[in-house]
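Hello,

Here is the structure I promised to pass on to you. Have a look at it first, and then read on for what I found in it.

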Amino acid sequence: SLIFVFLKKEDCLRADRLISLILALQDRGKTTASQLAEALDVSRRTILRDIDALSLSGVPILAEGGPGGGIWLDPAYRTSLTGMKEAE
């Protein structure tokens, strides 16, 4: 039997943003929440909530506060996601 799950538009947008966040961290390396917020056109607080969600789901995200701090993926972690659609 088939099970259908219907997502609200907001949930789809968040899922897209979470994937974009992983790709941005993979591409940029260590960066700040403010820089990620600007790149993804959301608030810094949204980035921090998204980082928490990704971390809780098992994505190995590291963070360090203060001057010179930032957010980055564990260097051993790589996703095969490209962010591109099949047609692209």
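Glycine 29 is in contact with Ala24, Ile71 and Trp72, leaving aside its neighbours within four places in sequence. This glycine has its place in the loop between H1 and H2. Is it buried, partly exposed or exposed? With a relative accessible area of 25%, glycine 29 is partly exposed, because the buried class ends under 20% and the exposed class starts over 50%. Glycine 29 also pairs up well with leucine 73 as an example of how the chain folds back: the two are 44 residues apart in sequence, yet from C-alpha to C-alpha they are 6.9 Å apart in space.

Please keep in mind that this is a predicted model.

Now for the overall picture. The protein has 3 helices and 2 strands, and along the sequence they follow the pattern α-α-α-β-β. Of its 88 residues, 27% are buried. The accessible surface comes to about 6500 Å², and carbon and sulfur atoms account for 54% of that. If you take the contacts between residues at least 6 apart in sequence, 52% of them join residues at least 24 apart.

Next, the inside. Which residues touch the most other members of the largest nonpolar core? They are Leu25 and Ile61, in a core of 15 residues. At least two residues of this core come from each of H1, helix H2 (33–40), helix H3 (44–56) and strand E2 (70–73). H1 gives the most, with 5 residues. Leucine 25 itself is in contact with Thr31, Leu36, Ile51, Ile61, Ile71, Trp72 and Leu73, again leaving aside neighbours within four places in sequence.

Not counting residues up to four places away in sequence, leucine 21 touches Leu36, Leu40, Ile47, Asp50, Ile51 and Leu54.

Why does glutamine 26 count as buried? Its relative accessible area is 18%, and buried means under 20%. With residues up to four places away in sequence left out, glutamine 26 touches Leu73, Arg78 and Thr79.

On to the strands. Strand E1 (residues 61–64) and E2 pair in the antiparallel sense, over 4 bridges. If you follow the pairing, you will find alanine 63 opposite isoleucine 71 in E2. The hairpin of E1 and E2 has 5 residues between the strands, and there glycine 66 takes a positive phi near 85°.

Another positive phi belongs to aspartate 41, at about 60°, although this residue is not a glycine. You will find aspartate 41 in the loop between H2 and H3. Is aspartate 41 buried or exposed? Its relative accessibility is 72%, so it counts as exposed, the cut-off being over 50%.

The largest pocket has a volume of about 170 Å³. Among the 13 residues that line it, Ala33, Arg44, Glu64, Gly70 and Ile71 are the closest to its centre. H2, H3, E1 and E2 are the elements that give two or more residues to this lining. Which of them supplies the largest share of the lining? That is H3, with 3 residues.

Best wishes

Terms used:
Residues are numbered from 1 along each chain as its sequence is written. This is a predicted model: local features need pLDDT of at least 70, side-chain atom pairs count only at pLDDT 80 or more; totals for chains, interfaces and linings use all residues. Side-chain values use heavy atoms; hydrogens and water are left out. Buried means under 20% relative accessible area, exposed over 50%, partly exposed in between (1.4 Å probe, protein chains only). Contact means heavy atoms within 4.5 Å. Accessible areas come from the Shrake-Rupley method with a 1.4 Å probe; for residues, only the protein chains shown count as cover. A nonpolar core is a set of buried Ala, Val, Leu, Ile, Met, Phe, Trp, Tyr and Cys residues joined through side-chain atoms within 4.5 Å. Two strands pair if DSSP finds at least two bridges between them. On a 1 Å grid over the protein atoms alone, a cavity is a set of points where a 1.4 Å probe fits but cannot get out, and a pocket is an open set with protein on both sides within 12 Å along at least five of seven lines; lining residues have an atom within 4 Å of a point. Grid points are joined across faces, edges and corners, and a volume is the space filled by probe spheres set on the points.
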